[in-house]
Amino acid sequence: MSSHQGIEGLPNSGGGKIIAVHLNYPSRAAQRGRTPEHPSYFLKPWSSVSSTGGTIERPAGAELLAFEGEIAIIIGTAARRVRVEDAWQHVSGVTAANDFGLYDLRSADKGSNLRSKGGDGYTPLGPSVIPAEQIDPAALRVRTWVNGVVVQDDTSDTLLFPFAQLIADLSQLSTLEPGDVILTGTPAGSSVVVPGDVVEVEVDAPTAPGTPTSGRLVTTVVEGTEPFGGFGAKPVVDDHQRIEAWGDAVAAGLPAPAEPLTAASPAEPLDPAVTVQLASVSTATLSAKLRARGYTEVFVEGVHASRPGTRMVGVARTLRFVAYRPDLFAERGNRFNAQKRIFDTVEAGEVIVIEARGERGTGTVGDVLALRAQQRGAAGVVTDGGMRDAEQVAAFDLPTFSQGPHPSVLGRRHVPWETDVAITCGGATVLPGDVIVGDGDGVIAIPRALAAEVAAEAVVQEAEDAWIAEQVRGGAAVDGLFPLNAEWRARYESEQGR
(Lines give C-alpha, C1' and ligand atoms only; values in the text may rest on other atoms or scores of the structure.)
Protein backbone atom coordinates (compact mmCIF):
# COMPACT_ATOMS: atom_id res chain seq x y z
CA MET A 1 0.00 0.00 0.00
CA SER A 2 1.24 3.53 -0.70
CA SER A 3 -1.02 5.60 1.57
CA HIS A 4 0.04 6.93 4.94
CA GLN A 5 -3.49 7.28 6.22
CA GLY A 6 -3.72 5.79 9.69
CA ILE A 7 -0.25 6.80 10.87
CA GLU A 8 -1.20 8.53 14.07
CA GLY A 9 0.48 11.92 14.51
CA LEU A 10 1.91 12.18 10.98
CA PRO A 11 0.55 15.19 9.04
CA ASN A 12 -1.57 14.05 6.11
CA SER A 13 -0.08 16.58 3.74
CA GLY A 14 -0.30 14.27 0.77
CA GLY A 15 3.37 14.78 0.03
CA GLY A 16 6.69 16.02 1.29
CA LYS A 17 10.30 15.02 1.44
CA ILE A 18 11.62 11.75 2.74
CA ILE A 19 15.36 12.13 3.30
CA ALA A 20 17.39 9.08 4.26
CA VAL A 21 20.90 8.92 5.73
CA HIS A 22 23.31 6.38 4.24
CA LEU A 23 25.44 5.36 7.25
CA ASN A 24 24.94 6.56 10.80
CA TYR A 25 25.39 3.69 13.27
CA PRO A 26 28.93 2.54 14.11
CA SER A 27 27.75 -1.07 14.06
CA ARG A 28 26.55 -0.70 10.47
CA ALA A 29 29.65 1.26 9.42
CA ALA A 30 31.83 -1.55 10.77
CA GLN A 31 29.77 -4.07 8.83
CA ARG A 32 30.20 -2.02 5.65
CA GLY A 33 33.90 -1.51 6.29
CA ARG A 34 33.81 2.27 6.01
CA THR A 35 33.09 5.13 8.42
CA PRO A 36 31.99 8.40 6.79
CA GLU A 37 33.46 11.71 7.89
CA HIS A 38 30.19 13.54 7.18
CA PRO A 39 26.58 12.43 6.73
CA SER A 40 25.31 11.77 3.20
CA TYR A 41 21.74 11.41 2.03
CA PHE A 42 19.31 10.24 -0.62
CA LEU A 43 15.63 10.96 -1.32
CA LYS A 44 12.70 8.56 -1.30
CA PRO A 45 9.36 9.43 -2.96
CA TRP A 46 6.33 10.06 -0.78
CA SER A 47 4.49 7.39 -2.76
CA SER A 48 6.70 4.79 -1.05
CA VAL A 49 5.11 5.51 2.35
CA SER A 50 2.81 2.90 3.87
CA SER A 51 1.39 2.18 7.30
CA THR A 52 1.44 -0.76 9.69
CA GLY A 53 -0.26 -3.96 8.62
CA GLY A 54 0.59 -3.45 4.98
CA THR A 55 2.47 -5.59 2.53
CA ILE A 56 5.61 -5.07 0.48
CA GLU A 57 6.10 -6.80 -2.83
CA ARG A 58 9.31 -8.51 -3.81
CA PRO A 59 9.06 -8.10 -7.58
CA ALA A 60 8.97 -11.14 -9.80
CA GLY A 61 12.49 -12.09 -10.81
CA ALA A 62 14.09 -10.26 -7.85
CA GLU A 63 16.10 -11.93 -5.09
CA LEU A 64 17.48 -9.41 -2.61
CA LEU A 65 14.78 -7.45 -0.78
CA ALA A 66 16.29 -6.18 2.50
CA PHE A 67 14.78 -4.44 5.53
CA GLU A 68 16.35 -1.61 7.54
CA GLY A 69 14.72 -0.70 10.85
CA GLU A 70 15.18 3.01 11.59
CA ILE A 71 14.17 5.94 13.76
CA ALA A 72 12.21 8.47 11.68
CA ILE A 73 12.28 12.16 12.60
CA ILE A 74 9.20 14.18 11.65
CA ILE A 75 9.65 17.91 11.08
CA GLY A 76 7.06 20.07 12.86
CA THR A 77 8.05 23.62 11.92
CA ALA A 78 10.00 24.92 8.95
CA ALA A 79 13.77 24.83 9.38
CA ARG A 80 16.18 26.85 7.23
CA ARG A 81 19.82 27.41 8.20
CA VAL A 82 19.20 26.43 11.81
CA ARG A 83 21.96 25.95 14.36
CA VAL A 84 22.67 22.53 15.82
CA GLU A 85 21.66 23.74 19.29
CA ASP A 86 18.26 24.92 17.95
CA ALA A 87 17.54 22.07 15.56
CA TRP A 88 15.49 19.80 17.85
CA GLN A 89 12.95 22.60 18.34
CA HIS A 90 11.81 22.00 14.76
CA VAL A 91 10.92 18.34 15.38
CA SER A 92 7.34 17.38 16.16
CA GLY A 93 8.08 13.74 16.93
CA VAL A 94 9.67 10.44 16.02
CA THR A 95 8.32 7.12 14.86
CA ALA A 96 9.42 3.76 13.51
CA ALA A 97 10.43 3.34 9.88
CA ASN A 98 11.50 0.49 7.66
CA ASP A 99 13.75 1.63 4.82
CA PHE A 100 13.25 -1.34 2.49
CA GLY A 101 15.60 -1.72 -0.46
CA LEU A 102 15.90 -3.98 -3.48
CA TYR A 103 19.60 -4.71 -4.04
CA ASP A 104 18.79 -6.24 -7.43
CA LEU A 105 18.26 -2.70 -8.80
CA ARG A 106 21.24 -0.94 -7.26
CA SER A 107 23.21 -1.22 -10.49
CA ALA A 108 20.38 0.57 -12.30
CA ASP A 109 20.34 3.45 -9.81
CA LYS A 110 23.98 4.52 -10.03
CA GLY A 111 23.72 5.70 -6.43
CA SER A 112 20.37 7.50 -6.54
CA ASN A 113 18.42 4.65 -4.85
CA LEU A 114 15.28 5.75 -6.72
CA ARG A 115 14.32 2.34 -8.05
CA SER A 116 15.98 0.21 -5.40
CA LYS A 117 14.36 2.05 -2.48
CA GLY A 118 11.48 4.04 -4.00
CA GLY A 119 8.90 1.38 -4.79
CA ASP A 120 5.35 1.46 -3.47
CA GLY A 121 5.30 0.41 0.17
CA TYR A 122 9.09 0.64 0.56
CA THR A 123 8.87 3.18 3.43
CA PRO A 124 6.48 1.93 6.12
CA LEU A 125 6.08 4.45 8.97
CA GLY A 126 4.30 4.34 12.32
CA PRO A 127 2.05 3.20 13.77
CA SER A 128 2.23 6.12 16.26
CA VAL A 129 4.38 9.23 16.62
CA ILE A 130 6.13 9.91 19.93
CA PRO A 131 5.97 13.68 20.65
CA ALA A 132 9.41 15.29 20.62
CA GLU A 133 8.89 17.07 23.94
CA GLN A 134 8.48 13.72 25.74
CA ILE A 135 11.88 12.34 24.84
CA ASP A 136 15.62 12.84 24.93
CA PRO A 137 16.79 12.42 21.31
CA ALA A 138 19.93 10.64 22.54
CA ALA A 139 17.91 8.08 24.54
CA LEU A 140 15.86 6.33 21.87
CA ARG A 141 15.97 2.66 20.98
CA VAL A 142 15.19 0.96 17.66
CA ARG A 143 14.49 -2.77 17.40
CA THR A 144 13.55 -5.00 14.48
CA TRP A 145 12.01 -8.46 14.49
CA VAL A 146 11.77 -10.92 11.59
CA ASN A 147 9.19 -13.63 12.18
CA GLY A 148 9.28 -12.83 15.89
CA VAL A 149 13.07 -12.94 16.32
CA VAL A 150 14.99 -9.78 17.27
CA VAL A 151 17.54 -9.03 14.55
CA GLN A 152 18.36 -5.35 15.24
CA ASP A 153 18.71 -3.59 18.59
CA ASP A 154 20.56 -0.29 18.97
CA THR A 155 20.24 3.13 20.57
CA SER A 156 20.52 6.72 19.37
CA ASP A 157 23.35 7.56 21.77
CA THR A 158 25.71 5.62 19.49
CA LEU A 159 25.00 7.62 16.32
CA LEU A 160 27.87 8.96 14.25
CA PHE A 161 25.74 12.01 13.42
CA PRO A 162 23.14 13.00 16.05
CA PHE A 163 19.67 14.06 14.96
CA ALA A 164 20.31 17.77 15.55
CA GLN A 165 23.39 17.65 13.32
CA LEU A 166 21.38 16.06 10.50
CA ILE A 167 18.70 18.75 10.70
CA ALA A 168 21.22 21.59 10.80
CA ASP A 169 23.19 20.11 7.94
CA LEU A 170 20.20 19.53 5.67
CA SER A 171 18.72 22.96 6.40
CA GLN A 172 21.83 24.71 5.07
CA LEU A 173 20.56 24.34 1.50
CA SER A 174 16.99 23.06 1.68
CA THR A 175 14.09 24.21 3.80
CA LEU A 176 12.78 21.37 5.93
CA GLU A 177 9.00 21.72 5.95
CA PRO A 178 6.31 20.45 8.33
CA GLY A 179 5.65 16.79 7.61
CA ASP A 180 9.05 16.11 6.08
CA VAL A 181 10.58 12.86 7.32
CA ILE A 182 14.26 12.10 7.97
CA LEU A 183 15.24 8.42 8.13
CA THR A 184 18.26 8.45 10.42
CA GLY A 185 20.09 5.27 9.43
CA THR A 186 19.96 1.60 10.35
CA PRO A 187 22.16 -0.38 12.76
CA ALA A 188 23.84 -3.69 11.97
CA GLY A 189 21.52 -6.63 11.45
CA SER A 190 19.80 -5.52 8.25
CA SER A 191 19.37 -8.52 5.98
CA VAL A 192 17.26 -10.16 3.28
CA VAL A 193 13.62 -11.17 3.69
CA VAL A 194 11.54 -13.43 1.47
CA PRO A 195 7.83 -13.76 0.69
CA GLY A 196 5.95 -14.85 3.79
CA ASP A 197 8.31 -13.12 6.22
CA VAL A 198 6.84 -10.64 8.70
CA VAL A 199 9.05 -7.68 9.66
CA GLU A 200 8.31 -5.53 12.72
CA VAL A 201 10.07 -2.33 13.81
CA GLU A 202 9.57 -0.42 17.06
CA VAL A 203 11.06 2.82 18.36
CA ASP A 204 10.74 3.59 22.05
CA ALA A 205 12.23 5.71 24.81
CA PRO A 206 12.84 3.18 27.60
CA THR A 207 14.16 5.72 30.13
CA ALA A 208 11.50 8.41 29.55
CA PRO A 209 8.45 8.71 31.84
CA GLY A 210 5.81 6.24 30.71
CA THR A 211 8.29 4.60 28.28
CA PRO A 212 6.60 6.07 25.19
CA THR A 213 6.66 3.89 22.08
CA SER A 214 5.75 4.05 18.43
CA GLY A 215 4.20 0.61 18.68
CA ARG A 216 5.21 -2.13 16.31
CA LEU A 217 5.29 -1.30 12.61
CA VAL A 218 4.30 -4.55 10.88
CA THR A 219 4.96 -5.36 7.22
CA THR A 220 4.46 -8.67 5.42
CA VAL A 221 6.53 -9.60 2.38
CA VAL A 222 4.60 -10.94 -0.62
CA GLU A 223 5.74 -12.32 -3.97
CA GLY A 224 5.17 -10.14 -7.03
CA THR A 225 3.59 -11.65 -10.11
CA GLU A 226 4.24 -9.02 -12.78
CA PRO A 227 7.59 -9.50 -14.56
CA PHE A 228 9.76 -6.51 -15.41
CA GLY A 229 9.20 -5.17 -18.92
CA GLY A 230 11.85 -4.94 -21.58
CA PHE A 231 11.91 -1.15 -21.58
CA GLY A 232 14.09 -0.59 -18.51
CA ALA A 233 16.78 -2.14 -16.36
CA LYS A 234 15.97 -5.54 -14.96
CA PRO A 235 17.14 -7.09 -11.68
CA VAL A 236 20.84 -7.94 -11.66
CA VAL A 237 22.71 -9.53 -8.76
CA ASP A 238 26.20 -10.79 -8.10
CA ASP A 239 27.98 -12.16 -5.06
CA HIS A 240 29.04 -8.68 -3.95
CA GLN A 241 25.41 -7.51 -3.83
CA ARG A 242 24.40 -10.73 -2.07
CA ILE A 243 26.97 -10.11 0.64
CA GLU A 244 25.90 -6.46 0.97
CA ALA A 245 22.22 -7.40 1.20
CA TRP A 246 22.53 -10.35 3.58
CA GLY A 247 25.14 -8.66 5.76
CA ASP A 248 28.00 -11.15 5.27
CA ALA A 249 29.12 -13.99 3.03
CA VAL A 250 28.02 -16.80 5.35
CA ALA A 251 24.47 -15.44 5.66
CA ALA A 252 24.37 -15.15 1.86
CA GLY A 253 25.29 -18.83 1.53
CA LEU A 254 28.72 -18.04 0.10
CA PRO A 255 32.14 -19.28 1.24
CA ALA A 256 33.50 -17.30 4.17
CA PRO A 257 36.35 -15.02 3.10
CA ALA A 258 39.80 -16.20 4.07
CA GLU A 259 41.24 -14.62 7.16
CA PRO A 260 43.76 -11.95 6.16
CA LEU A 261 47.32 -13.09 6.60
CA THR A 262 49.23 -10.99 9.08
CA ALA A 263 52.77 -11.02 10.31
CA ALA A 264 51.58 -12.15 13.72
CA SER A 265 49.88 -15.27 12.36
CA PRO A 266 52.09 -17.22 9.93
CA ALA A 267 55.31 -15.32 10.62
CA GLU A 268 56.55 -17.35 13.55
CA PRO A 269 60.35 -17.57 13.65
CA LEU A 270 61.81 -19.93 11.08
CA ASP A 271 63.30 -23.20 12.36
CA PRO A 272 67.01 -22.41 12.92
CA ALA A 273 68.03 -25.64 11.15
CA VAL A 274 66.04 -24.63 8.07
CA THR A 275 67.58 -21.16 8.21
CA VAL A 276 71.06 -22.69 8.16
CA GLN A 277 70.18 -24.92 5.22
CA LEU A 278 68.70 -22.03 3.21
CA ALA A 279 71.72 -19.86 3.93
CA SER A 280 73.99 -22.57 2.51
CA VAL A 281 72.26 -22.97 -0.87
CA SER A 282 71.77 -20.69 -3.85
CA THR A 283 68.56 -19.08 -5.02
CA ALA A 284 69.19 -20.79 -8.35
CA THR A 285 68.95 -24.22 -6.73
CA LEU A 286 65.91 -23.21 -4.70
CA SER A 287 64.27 -21.93 -7.87
CA ALA A 288 64.80 -25.30 -9.57
CA LYS A 289 63.24 -27.16 -6.66
CA LEU A 290 60.24 -24.86 -6.66
CA ARG A 291 59.89 -25.07 -10.43
CA ALA A 292 59.64 -28.86 -10.11
CA ARG A 293 56.58 -28.25 -7.93
CA GLY A 294 54.97 -25.85 -10.42
CA TYR A 295 56.12 -22.60 -8.77
CA THR A 296 57.66 -20.53 -11.56
CA GLU A 297 56.90 -16.92 -10.57
CA VAL A 298 58.88 -16.83 -7.34
CA PHE A 299 61.81 -14.56 -8.24
CA VAL A 300 61.61 -10.87 -7.36
CA GLU A 301 62.67 -9.58 -10.75
CA GLY A 302 65.07 -6.69 -11.23
CA VAL A 303 66.45 -6.32 -7.70
CA HIS A 304 70.12 -6.48 -6.76
CA ALA A 305 72.04 -6.50 -3.51
CA SER A 306 73.47 -3.19 -2.30
CA ARG A 307 76.87 -4.87 -1.85
CA PRO A 308 78.45 -7.96 -3.42
CA GLY A 309 78.46 -11.20 -1.48
CA THR A 310 75.22 -10.47 0.36
CA ARG A 311 73.19 -13.43 1.59
CA MET A 312 69.80 -13.08 3.24
CA VAL A 313 67.29 -15.49 4.82
CA GLY A 314 64.21 -14.39 6.75
CA VAL A 315 60.45 -14.35 7.10
CA ALA A 316 58.46 -11.77 5.13
CA ARG A 317 56.77 -8.69 6.49
CA THR A 318 55.09 -6.76 3.68
CA LEU A 319 54.53 -3.10 2.83
CA ARG A 320 52.49 -1.85 -0.12
CA PHE A 321 52.76 1.54 -1.81
CA VAL A 322 50.14 2.93 -4.18
CA ALA A 323 50.73 5.51 -6.88
CA TYR A 324 51.05 9.10 -5.68
CA ARG A 325 47.92 11.25 -5.38
CA PRO A 326 47.94 14.49 -3.38
CA ASP A 327 44.79 13.78 -1.37
CA LEU A 328 45.89 10.25 -0.52
CA PHE A 329 49.37 11.37 0.47
CA ALA A 330 47.86 14.05 2.71
CA GLU A 331 45.75 11.35 4.35
CA ARG A 332 48.28 8.52 4.67
CA GLY A 333 51.71 9.83 3.78
CA ASN A 334 52.47 11.91 6.84
CA ARG A 335 52.89 11.31 10.55
CA PHE A 336 53.36 7.67 11.66
CA ASN A 337 52.48 6.20 8.29
CA ALA A 338 52.51 2.57 7.14
CA GLN A 339 56.15 2.76 6.05
CA LYS A 340 57.35 4.07 9.40
CA ARG A 341 55.17 1.60 11.30
CA ILE A 342 56.66 -1.47 9.66
CA PHE A 343 60.25 -0.30 10.11
CA ASP A 344 59.48 0.50 13.74
CA THR A 345 57.89 -2.90 14.45
CA VAL A 346 59.97 -5.34 12.38
CA GLU A 347 61.33 -8.19 14.50
CA ALA A 348 64.55 -10.18 14.44
CA GLY A 349 64.65 -12.62 11.55
CA GLU A 350 62.07 -10.75 9.48
CA VAL A 351 62.59 -9.30 5.99
CA ILE A 352 60.65 -6.20 5.00
CA VAL A 353 59.41 -6.71 1.42
CA ILE A 354 58.09 -3.60 -0.34
CA GLU A 355 55.76 -3.45 -3.32
CA ALA A 356 56.62 -0.24 -5.16
CA ARG A 357 55.04 -1.27 -8.48
CA GLY A 358 58.51 -1.65 -10.01
CA GLU A 359 58.86 2.15 -9.95
CA ARG A 360 62.57 2.81 -9.48
CA GLY A 361 62.32 6.58 -9.89
CA THR A 362 61.82 7.24 -6.18
CA GLY A 363 63.61 6.10 -3.05
CA THR A 364 61.44 3.74 -1.03
CA VAL A 365 63.85 3.28 1.88
CA GLY A 366 66.77 5.37 3.09
CA ASP A 367 69.49 5.35 5.69
CA VAL A 368 67.38 6.28 8.74
CA LEU A 369 64.74 3.58 8.21
CA ALA A 370 67.34 1.00 7.18
CA LEU A 371 69.29 1.77 10.35
CA ARG A 372 66.11 1.36 12.41
CA ALA A 373 65.50 -2.06 10.80
CA GLN A 374 69.08 -3.08 11.51
CA GLN A 375 68.81 -1.98 15.15
CA ARG A 376 65.70 -4.14 15.54
CA GLY A 377 67.47 -7.20 14.15
CA ALA A 378 65.73 -7.37 10.78
CA ALA A 379 67.09 -10.00 8.39
CA GLY A 380 66.88 -7.66 5.41
CA VAL A 381 64.91 -5.26 3.20
CA VAL A 382 63.72 -5.91 -0.36
CA THR A 383 62.06 -3.30 -2.59
CA ASP A 384 61.21 -3.37 -6.27
CA GLY A 385 61.65 0.41 -6.19
CA GLY A 386 64.65 2.66 -5.63
CA MET A 387 66.98 3.05 -2.65
CA ARG A 388 67.92 6.43 -1.16
CA ASP A 389 71.22 7.06 0.59
CA ALA A 390 72.51 4.01 -1.25
CA GLU A 391 76.17 4.24 -0.19
CA GLN A 392 75.32 4.64 3.49
CA VAL A 393 72.80 1.79 3.36
CA ALA A 394 75.29 -0.47 1.57
CA ALA A 395 77.71 0.05 4.46
CA PHE A 396 75.21 -1.27 7.01
CA ASP A 397 75.20 -4.88 8.17
CA LEU A 398 71.58 -5.08 7.02
CA PRO A 399 71.15 -6.98 3.70
CA THR A 400 69.27 -4.77 1.21
CA PHE A 401 68.04 -5.43 -2.31
CA SER A 402 66.55 -2.84 -4.67
CA GLN A 403 66.36 -1.77 -8.31
CA GLY A 404 69.18 0.67 -7.65
CA PRO A 405 69.88 4.06 -6.11
CA HIS A 406 67.65 7.10 -6.46
CA PRO A 407 67.81 10.36 -4.49
CA SER A 408 64.11 11.31 -4.60
CA VAL A 409 61.89 11.28 -1.53
CA LEU A 410 58.85 9.06 -1.04
CA GLY A 411 56.14 11.59 -1.91
CA ARG A 412 57.28 11.96 -5.49
CA ARG A 413 55.56 8.84 -6.82
CA HIS A 414 54.32 6.74 -3.89
CA VAL A 415 51.88 6.74 -1.00
CA PRO A 416 52.57 4.26 1.85
CA TRP A 417 49.27 2.39 2.00
CA GLU A 418 49.17 -0.79 4.11
CA THR A 419 51.26 -3.45 5.79
CA ASP A 420 51.17 -7.21 6.26
CA VAL A 421 49.00 -8.03 3.26
CA ALA A 422 49.62 -10.06 0.13
CA ILE A 423 51.71 -8.00 -2.30
CA THR A 424 53.38 -8.34 -5.70
CA CYS A 425 57.05 -7.37 -5.53
CA GLY A 426 59.02 -7.56 -8.75
CA GLY A 427 56.40 -9.84 -10.30
CA ALA A 428 56.40 -12.31 -7.40
CA THR A 429 53.50 -12.70 -5.01
CA VAL A 430 54.71 -12.40 -1.42
CA LEU A 431 52.55 -13.19 1.59
CA PRO A 432 53.36 -12.27 5.16
CA GLY A 433 55.19 -15.29 6.56
CA ASP A 434 56.72 -16.42 3.27
CA VAL A 435 60.42 -17.29 3.46
CA ILE A 436 62.65 -14.80 1.64
CA VAL A 437 66.12 -15.80 0.43
CA GLY A 438 68.56 -13.50 -1.34
CA ASP A 439 72.04 -13.82 -2.84
CA GLY A 440 74.06 -12.59 -5.80
CA ASP A 441 71.44 -13.85 -8.27
CA GLY A 442 68.60 -11.97 -6.60
CA VAL A 443 65.69 -12.68 -4.26
CA ILE A 444 63.26 -15.58 -4.15
CA ALA A 445 60.01 -16.01 -2.16
CA ILE A 446 59.26 -19.53 -0.87
CA PRO A 447 55.79 -20.45 0.43
CA ARG A 448 56.20 -21.10 4.13
CA ALA A 449 54.73 -24.60 3.95
CA LEU A 450 57.37 -25.69 1.42
CA ALA A 451 60.43 -24.09 3.01
CA ALA A 452 61.72 -27.07 5.02
CA GLU A 453 61.41 -29.70 2.29
CA VAL A 454 62.74 -27.40 -0.44
CA ALA A 455 65.72 -26.47 1.76
CA ALA A 456 66.55 -30.13 2.46
CA GLU A 457 66.33 -31.05 -1.22
CA ALA A 458 68.46 -28.06 -2.21
CA VAL A 459 71.22 -29.11 0.21
CA VAL A 460 71.28 -32.60 -1.34
CA GLN A 461 71.27 -31.11 -4.85
CA GLU A 462 74.13 -28.73 -4.15
CA ALA A 463 76.24 -31.55 -2.69
CA GLU A 464 75.70 -33.45 -5.95
CA ASP A 465 76.48 -30.34 -8.02
CA ALA A 466 79.70 -29.80 -6.07
CA TRP A 467 80.81 -33.39 -6.83
CA ILE A 468 80.01 -32.88 -10.53
CA ALA A 469 82.07 -29.67 -10.56
CA GLU A 470 84.94 -31.62 -9.03
CA GLN A 471 84.82 -34.15 -11.89
CA VAL A 472 84.79 -31.36 -14.48
CA ARG A 473 87.85 -29.79 -12.86
CA GLY A 474 89.52 -33.20 -13.18
CA GLY A 475 88.94 -33.17 -16.94
CA ALA A 476 85.63 -35.06 -17.27
CA ALA A 477 83.26 -34.11 -20.11
CA VAL A 478 79.80 -32.90 -19.14
CA ASP A 479 77.96 -35.30 -21.46
CA GLY A 480 76.36 -37.89 -19.19
CA LEU A 481 77.84 -36.20 -16.15
CA PHE A 482 75.59 -33.16 -16.01
CA PRO A 483 73.00 -34.29 -15.25
CA LEU A 484 74.16 -37.65 -13.95
CA ASN A 485 73.37 -40.63 -16.13
CA ALA A 486 73.06 -44.08 -14.61
CA GLU A 487 76.78 -44.83 -14.81
CA TRP A 488 77.89 -41.57 -13.25
CA ARG A 489 75.16 -41.73 -10.60
CA ALA A 490 76.28 -45.19 -9.54
CA ARG A 491 79.82 -43.87 -9.16
CA TYR A 492 78.62 -40.82 -7.22
CA GLU A 493 76.51 -42.87 -4.82
CA SER A 494 79.37 -45.35 -4.35
CA GLU A 495 81.75 -42.55 -3.33
CA GLN A 496 79.13 -41.17 -0.96
CA GLY A 497 78.83 -44.58 0.70
CA ARG A 498 75.24 -45.10 -0.30
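This note sets out numbered points on the fold, surface and core of a predicted model.

1. Local features are reported only at pLDDT of at least 70 and side-chain atom pairs only at pLDDT 80 or more, while totals for chains, interfaces and linings use all residues. Residues are numbered from 1 along each chain as its sequence is written, and side-chain values use heavy atoms, with hydrogens and water left out.

2. The protein chain holds 14 helices and 27 strands, taken as DSSP runs (H or I of at least four residues for helices, E of at least two for strands) and numbered from the N terminus. Its radius of gyration is 32 Å, well over the 23 Å that the globule rule gives for 498 residues, so the chain is more spread out than a compact globule; the radius is taken over C-alpha atoms, and the rule is 2.2 Å times the number of residues to the power 0.38. The C-alpha trace spans about 105 × 50 × 45 Å along its principal axes.

3. Of the 498 residues, 48% are buried, that is, under 20% relative accessible area with a 1.4 Å probe, protein chains only.

4. The largest nonpolar core has 30 residues, and those with the most contacts inside it are Ile71, Ile73, Val94, Ile167 and Leu176; such a core is a set of buried Ala, Val, Leu, Ile, Met, Phe, Trp, Tyr and Cys residues joined through side-chain atoms within 4.5 Å. Strand 6 (69-75), strand 7 (91-98), helix 5 (163-170) and strand 15 (198-204) each supply at least two of its residues, with the largest share, five residues, coming from helix 5.

5. Leaving aside residues up to four places away in sequence, Leu176 touches Lys17, Ile19, Ile75, Thr77, Ala78, Ala79, Ile167, Leu170 and Ile182, contact meaning heavy atoms within 4.5 Å.

Notes: Buried means under 20% relative accessible area, exposed over 50%, partly exposed in between (1.4 Å probe, protein chains only).
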